[in-house]
Amino acid sequence: MKVKVGAFLGGAVFGIGLAIGGMTQPAKIVGFFDFFGSWDPSLAFVMLGALIVYTPVYRWAVRTWQHPIWAPTFTLPTRRDIDGRLVVGSAIFGVGWGLGGYCPGPAFTSVGAGSMEALTFGVSMLIGVGLYQLLMRVREGRAGGPADSQAAAMIDG
Amino acid sequence: MTVMESFTPIASTIGGVLIGIAAAGLLMFHGRIAGISGIAGGIFRQRQSGDTAWRVMFLVGLFAAGIAWSFFRPEDYAFGIERSTVALIIAGLAVGIGTQLGSGCTSGHGVCGIGRLSKRSTVATVTFMATAAITVFIVNEVLGGAV
């Protein structure tokens, strides 16, 4: 129960942060990448604000704590190699982000805010996520189980 | 190049700090990375039992924040660009598939990954920032700003 309430509160604070930061306004996202038009550097300040908090907390918690407050272990990404999937997937994501003006978090929270554009984008995004994951499940099923037992820790974010 | 009037350094920094607090909280309490695409993807492909509820609740929290915040500041959710339904569908599919293939998005790679000083996440962030910039250049400078 406490984990569910905590996750809900985490998502809520995250969502309000996205809105205050301007991430839920596609015009501001496009403005950040519009170096040849009227540039809006706001997105860099959102990332900076998040990193100022997250970076020291991560180092402190992961290095000095035995385990998280409510969980037996930290579940952290373990991969270190740069592979083709990482680069190609990220490239495809960037095209969608520049085209639609939403990344996943802002899409979810903007649907809650009643944006019809976010709804169209968000449903398409979930179809993309679902299709990819179902395809992976089918492939793992044919291979006789998960391709890698450490798969959960291989997801970077 | 001109800096647009809507530049919001203070609000954006405050928003970023809130995102950082939420991501740090998920790490400290639940030991997980706050990557929205990873949280969503895990719902479709359960890796271990009992791993779904917190994911759903985090996304419900995001959704609820939109309902509550839009009540006070609906202007924070203005779309503000010209995109057809077809463009939005293509963009959504690209973000959905791309983030799963690349195992992360702006939050997972851009905030948590860079915060962990991960080389993979830094490469991913530079890559999606670059292709987003190229896409915006093509849309704005070649196609006239509307697709």
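The axes of H5(A) and H6(A) come within 9 Å and cross at roughly 125°, where axes are lines fitted to C-alpha atoms, for helices over the stretch in contact, and angles run from 0 to 180 degrees between N-to-C directions. H5(A) and H6(A) are therefore oblique to each other, given that angles under 35 degrees count as roughly parallel, over 145 as roughly antiparallel, 65 to 115 as roughly perpendicular and the rest as oblique. The model is a predicted one, in which local features need pLDDT of at least 70 and side-chain atom pairs count only at pLDDT 80 or more, while totals for chains, interfaces and linings use all residues. Residues are numbered from 1 along each chain as its sequence is written, and chains are lettered from A and ligands numbered from 1 in the order in which they are written.

H5(A) passes H6(A) in a left-handed crossing; a crossing is left-handed if the near helix is turned anticlockwise from the far one by less than a right angle, and right-handed if clockwise. On the H5(A) side, A:Pro104, A:Ala107, A:Phe108, A:Ser110 and A:Val111 meet A:Ala118, A:Leu119, A:Phe121, A:Gly122 and A:Met125 of H6(A), a contact being counted if the C-beta atoms of two residues, placed from the backbone, lie within 7 Å. This contact of H5(A) with H6(A) comprises 8 nonpolar, 2 polar and no charged residues, with Ala, Val, Leu, Ile, Met, Phe, Trp, Tyr, Cys and Pro taken as nonpolar, Asp, Glu, Lys and Arg as charged, and the others, Gly among them, as polar.

Between the chains, 114 residues of chain A are in contact with 115 residues of chain B. Elements that each supply at least two residues of the side of chain A that touches chain B include helix H1 (2–21), strand S1 (38–39) and helix H3 (42–64) of chain A, where helices (H or I, at least four residues) and strands (E, at least two) are DSSP runs, numbered from the N terminus. H1(A) gives the most to this side, with 18 residues, and the side as a whole divides into 66 nonpolar, 38 polar and 10 charged residues.
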